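Try each task before reading its solution.

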Amino acid sequence: MVQARQIEVRGPMAGELGRVEKEETELWQNNERMLELLDSIQTGRFDLSPYKDHLREAGFDSDEVRDERVFQRMAFLDQVTPTLDDEKKCIWYAHTIADHLETIGQGLTEEELKTITVGTLFTDIGKTGPADATPEEVVLITSMYAYSGNYDIKKVTVKEFLREHFPAEARGRIEIFEGMDLDPMMTMREFYNLHVHWTYDIVIDSGLPKEAVFAAATHHITDGKNPRDIVDSQGVLAKL
């Protein structure tokens, strides 16, 4: 069985902010390696237990999650991008704020803190693409979110981005993108916004607590990103 990279976390799960050590890699640029990794995850040759442990540490039974793809996508995203590291740091900040609120008599309940923790863990799982994405589509979308260079995301189109950063494979990647009924002439800003909707679709029927689904799906609500109108015009959450 393939082992997940050793992740040393001193922060959200242990109570102090720390640094997550990972080997520097350009895995996101290697289509073949990414497909091999994803196949090992989807066929049970990759150890998903560290990701299930994150859910247990937050106070939820990972066995209640009906859709194994939730953990598969989390593992893949973590192996290719620093996204999960960032989410763990956000959880640490949330717990720190909760500790402060407790000291002034406005503390959160245990269930509220669990909801924040689990919701934060899964907020960006949509950066692996739609719930029904093929392996090629998952690899394409994840590799695009993995790029962290500076450029004008409001002006650069997906087609321009792929031609610039994946010149040898640009044509094939654009065809895959179009095959997902997505327009390669959309800006990268528009592309990045899609992950909110994909997150919702991945977690909605996964078995994750509904409160955590709301928390994950509304993490860009202040930017006007409201997947499946989960929040109505009066600011009320829909019933799931």
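**Exercise 1.** Which residues of helix α2 (residues 49–57) are buried, and why do they lie on the same side of α2?

*Step 1.* Take the buried residues, where buried means under 20% relative accessible area, exposed over 50% and partly exposed in between (1.4 Å probe, protein chains only). In α2 these are Y51, H54 and L55.
*Step 2.* Because they cover an arc of only 95° around the axis, they sit on the same side of α2. The arc is that of the directions from the helix axis to the C-beta atoms.
*Step 3.* Look for their partners: the buried residues of α2 pack against α3 (69–80), α4 (83–103) and α5 (110–121). Helices here are DSSP runs (H or I, at least four residues), numbered from the N terminus.
*Step 4.* Just after α2, G59 has a positive phi of about 105°.

The model is predicted: local features need pLDDT of at least 70, side-chain atom pairs count only at pLDDT 80 or more, and totals for chains, interfaces and linings use all residues. Numbering runs from 1 along each chain as its sequence is written, and side-chain values use heavy atoms, leaving out hydrogens and water.

**Exercise 2.** Find T187 and decide: is T187 buried or exposed?

*Step 1.* T187 is in the loop between α8 (170–179) and α9.
*Step 2.* With a relative accessible area of 16%, T187 is buried.
*Step 3.* Leaving aside neighbours within four places in sequence, T187 is in contact (heavy atoms within 4.5 Å) with I153, K154, K155, V156, T157 and V158.

How values were computed:
Helix = DSSP H or I, 4+ residues; strand = E, 2+ residues; numbered from the N terminus.
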